[in-house]
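Please examine the sequence and the three-dimensional structure shown below.

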Amino acid sequence: MSAQTVTRRLTQADLAKLYQAGEKLVMFTCYDASFARLLDGAGIDCLLIGDSLGNVIQGHDTTLPVTVADIAYHTAAVKRGSDRAFILADMPFGSYQESPEQAFRNAVALMAAGAQMVKLEGGAEMAATVRFLVSRGIPVCGHLGLTPQSVHVLGGYKVQGKGEAAAQRLKEDALALQEAGATMIVLEAIPAALAAEVTAALHLITIGIGAGKDCSGQVMVVHDAFDIPPGRKAKFVRNFMDGASSLHDAACRAAAAVRDGSYPGPEHTYAG
Ligand code: KIV
């Protein structure tokens with residue numbers, strides 16, 4: 001199976017097959033129907049309605065003000081604009097940390113809006129919630145490393161998993177999420193060697209952003225990949241508009257670069 005041969009809506013089982021076949025998965029954030037149509041047309045496998053919409057759409061400094069209603073609204077738009085891409089929706093800050101029941105109620109709202117899976121931040125402390133959701137029919141993607149909803153605890157947007165103790169904690173968190181039934185884990189801003197080690201140790205899909213080339217796939221914030229302001233671009237960002245003739249061309253180049261392993265390069269990665 002090749003990613004391009006599937007023309008209907010991709011399912012979780014399709015993503016697993018692509019992963020098992022050794023194909024790199026390509027994920028973009030997406031917040032509206034127009035970009036969904038464009039990214040779907042470029043063969044992007046998965047569209048993430050990220051809470052980064054707090055930054056790039058709403059103009060906030062952090063993702064913290066984003067609500068479940070915001071994510072549900074944008075998820076429905078992305079769903080309407082796409083036919084093929086798998087739809088992943090972020091659970092915003094405060095919508096799942098209180099209890100598994102709270103997480104379930106809010107995840108239901110996102111699934112009803114069109115999500116096929118929800119993503120939440122955190123490691124072993126979220127395992128019971130992940131298990132609760134998965135056992136009630138809601139697939140879950142974890143998110144480890146730089147978790148932007150914890151920016152005030154982390155003391156800023158900094159590379160995570162540096163040093164032996166932090167790396168060990170992250171590995172344990174990844175295993176806890178896998179054991180709880182998560183299907184995928186986003187690894188954000190961690191040393192490439194650590195992401196490679198975690199990916200090799202797991203049998204689930206890892207999606208990197210600032211985590212090196214050895215993850216099972218890559219996610220890009222659409223505003224970063226297309227060089228749309230505002231915002232300071234992180235080290236792992238590549239401007240795919242460079243040399244592209246259109247947004248469609250840029251999206252195709254980004255997908256090709258992930259699939260052939262040329263993105264991310266060494267210049268986009270962090271050392272331990
Ligand atoms: O909200 C978002 O865009 C994300 C990505 C950075 C993975 O969670």
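This is a predicted model: local features need pLDDT of at least 70, side-chain atom pairs count only at pLDDT 80 or more; totals for chains, interfaces and linings use all residues.

Residues are numbered from 1 along each chain as its sequence is written, and side-chain values use heavy atoms, with hydrogens and water left out.

Helices (H or I, at least four residues) and strands (E, at least two) are DSSP runs, numbered from the N terminus. Helix H4 spans residues 68-81 and helix H5 spans residues 100-113; their axes lie 8 Å apart and form an angle of about 20°. Here, axes are lines fitted to C-alpha atoms, for helices over the stretch in contact, and angles run from 0 to 180 degrees between N-to-C directions. Because angles under 35 degrees count as roughly parallel (over 145 as roughly antiparallel, 65 to 115 as roughly perpendicular and the rest as oblique), H4 and H5 are roughly parallel to each other. Contact means heavy atoms within 4.5 Å. By this criterion, Val68, Ile71, Ala72, Thr75, Ala76 and Lys79 in H4 meet Asn106, Ala109, Leu110 and Ala113 in H5. The residues of this contact comprise seven nonpolar, two polar and one charged; Ala, Val, Leu, Ile, Met, Phe, Trp, Tyr, Cys and Pro count as nonpolar, Asp, Glu, Lys and Arg as charged, and the others, Gly among them, as polar.

Attention now moves to a strand. Asp90 belongs to strand E3, residues 86-90. Is Asp90 buried or exposed? Asp90 has a relative accessible area of 3% and is therefore buried, a term that means under 20% relative accessible area, with exposed over 50% and partly exposed in between (1.4 Å probe, protein chains only). Not counting residues up to four places away in sequence, Asp90 touches Leu48, Ile49, Gly50, Asp51, Ile71, Leu110 and Lys119. The side chain of Asp90 reaches the backbone nitrogen of Asp51 at 2.7 Å.

The backbone also deserves attention. Most residues other than glycine have a negative phi, and most peptide bonds are trans. Ala189 is not a glycine, yet has a positive phi of about 50°. Ala189 is placed in the loop between strand E6 (184-188) and helix H9 (192-201), and it is buried at 3% relative accessibility. Asp227, also not a glycine, has a positive phi of about 55°; with a relative accessible area of 42%, Asp227 is partly exposed. Finally, the peptide bond from Tyr263 to Pro264 is cis, with omega near 0°.

Key:
A polar contact is a pair of N or O atoms within 3.5 Å; within protein, one must be able to donate a hydrogen and the other to accept it, and residues adjacent in sequence count only if both atoms are side-chain atoms.
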